[in-house]
Structures are given as C-alpha cells and as structure tokens.
Amino acid sequence: MSTRSDDPPALDIDRLQDLLDRDAIRHIQIRYAWSLDNHRWEALKEIFLADAVADYRGERFEGLEAIVAKCASSLEPADASQHINGCHWAQVDGDKAIAGCYFIATKYIADTPGGDTFIVGGKYIDQMVRTPDGWRIAHRLLEPTFLDGNPEVETVAQARWAAR
C-alpha cells in the first residue's frame, strides 16, 4: 500500500502571505542601503513613512525630511560609502511588523590624516507598517556594535558639508 497521495498539497495562504511580507520587508532594508550609497534620497520616501523617526547613534531625526537631510549630510561629502546588510528577520503581525538586520557601513574619504575609512557595524531594528503602497519604516533604531577605522573621516565629512 502506497502512502503517497496523488492530491496536490493544500495551499496555506497565511504562510504564503507571511513569506511575501517578510521578503518585501527585506527588500525595503536592502533598498535603504542601495539608496544611501547611490545618493538616491528621493527613494527614501518609498522606504520611510512621512512621519517616521530614526535614531542613529544617539541622534534622533523626526520626519522623512530630517532623515533625508541627515543621510545626505553624512554621505554626500564622502568619496564613497558602502552599506552591506544581512541576517534579515521580521515578525509580521497583520499590518505591523518588527524587523531587523545586521549591517556594516563603510565611509571613505581619500587622504584623511590617520586613514581613509571609518566603519560602523551593528544592527537596525525597524518598526514597520503596511501601507497601500507597501511596507514602510515607521521607526528605525541603529544599534552600533562596533566602530573601526579613523573617526576623523566623520569630521572631514562634516567640514566638507559645512563648506558647500
């Protein structure tokens, strides 16, 4: 007697929706990194809610405009940056989710006394909301785990931004 069934397995719509939601959230986190490194500030409106809050290394930014201004002022003066993230996770509960990922962010400014790179490693913890246009970040917490390289790179970036 065979235990194999010729009937296709039942489709679990809830499980499928959970997988789709978690994948969409992961793509938001990835697009954030791409947007920063490519200075695509307009793309952040497809990542954050208009009234989102971001807590970056002890500084709080309220509203999309403040978040964009912080990202632009931090990264436009750099010669290059690279944000890499991984180990994405999300816990979806209806139209809300808590999600996160680990990241390593490198900022490079050539000829900086003491070294050309500054690296921050850590994790993002996001409160997400499903909107008619897809998932958006309502609150992002950047929790640094380590800093490496030359912190003077940050000072040079700030001076370049002020001089523009």
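Predicted model: local features only at pLDDT ≥ 70, side-chain atom pairs only at ≥ 80, totals over all residues.
The largest pocket has a volume of about 510 Å³. Its lining consists of 23 residues. Nearest the centre of the pocket lie Arg-57, Lys-70, Ser-74, Lys-107 and Glu-154. Helices and strands both take part: two or more lining residues come from each of α1 (13-37), α2 (64-75), β3 (80-93), β4 (96-108), β5 (117-131) and α3 (152-163). The largest contribution is that of α2, which supplies 5 residues. By residue class, the lining of this pocket holds 12 nonpolar, 6 polar and 5 charged residues.

The largest nonpolar core has 35 residues. Those that touch the most other members are Tyr-32, Leu-44, Phe-48, Tyr-56, Ile-67, Cys-71 and Met-128. Two or more core residues come from each of α1, β1 (48-56), α2, β4, β5, β6 (134-149) and α3. Beyond its neighbours within four places in sequence, Tyr-32 is in contact with Leu-44, Ile-47, Phe-48, Tyr-56, Cys-71, Tyr-124 and Arg-140.

A disulfide is a covalent bond between the sulfur atoms of two cysteines. The count for this model is 0 disulfides. For Cys-71, the nearest cysteine sulfur is that of Cys-101, 14 Å away, whereas a disulfide requires the two sulfur atoms to be within 2.5 Å. Cys-71 counts as buried because its relative accessibility is 5%, and the cut-off for buried is under 20%. Cys-87 is likewise in no disulfide, and its nearest cysteine sulfur, also that of Cys-101, is 8.9 Å away. With a relative accessibility of 58%, Cys-87 counts as exposed, since exposed means over 50%.

The last stop is Glu-152, which is found in helix α3. Is Glu-152 buried, exposed or partly exposed? Its relative accessibility is 35%, so Glu-152 counts as partly exposed; that value lies between the limits of 20% for buried and 50% for exposed. Not counting residues up to four places away in sequence, Glu-152 touches Thr-112 and Pro-113. Phe-118 is 34 residues from Glu-152 in sequence, and the C-alpha to C-alpha distance between the two is 8.0 Å.

Notes: Residues numbered from 1 in each chain as written. Heavy atoms only, no water. 1 Å grid on protein atoms, 1.4 Å probe; cavity = no way out; pocket = protein on both sides within 12 Å on 5 of 7 lines; lining within 4 Å. Points joined across faces, edges and corners; volume = space filled by probe spheres on them. Helix = DSSP H or I, 4+ residues; strand = E, 2+ residues; numbered from the N terminus. Nonpolar A, V, L, I, M, F, W, Y, C, P; charged D, E, K, R; others polar. Core = buried A, V, L, I, M, F, W, Y, C linked by side-chain atoms within 4.5 Å. Buried < 20%, exposed > 50% of the residue type's maximum accessible area, 1.4 Å probe, protein only. Contact = heavy atoms within 4.5 Å.
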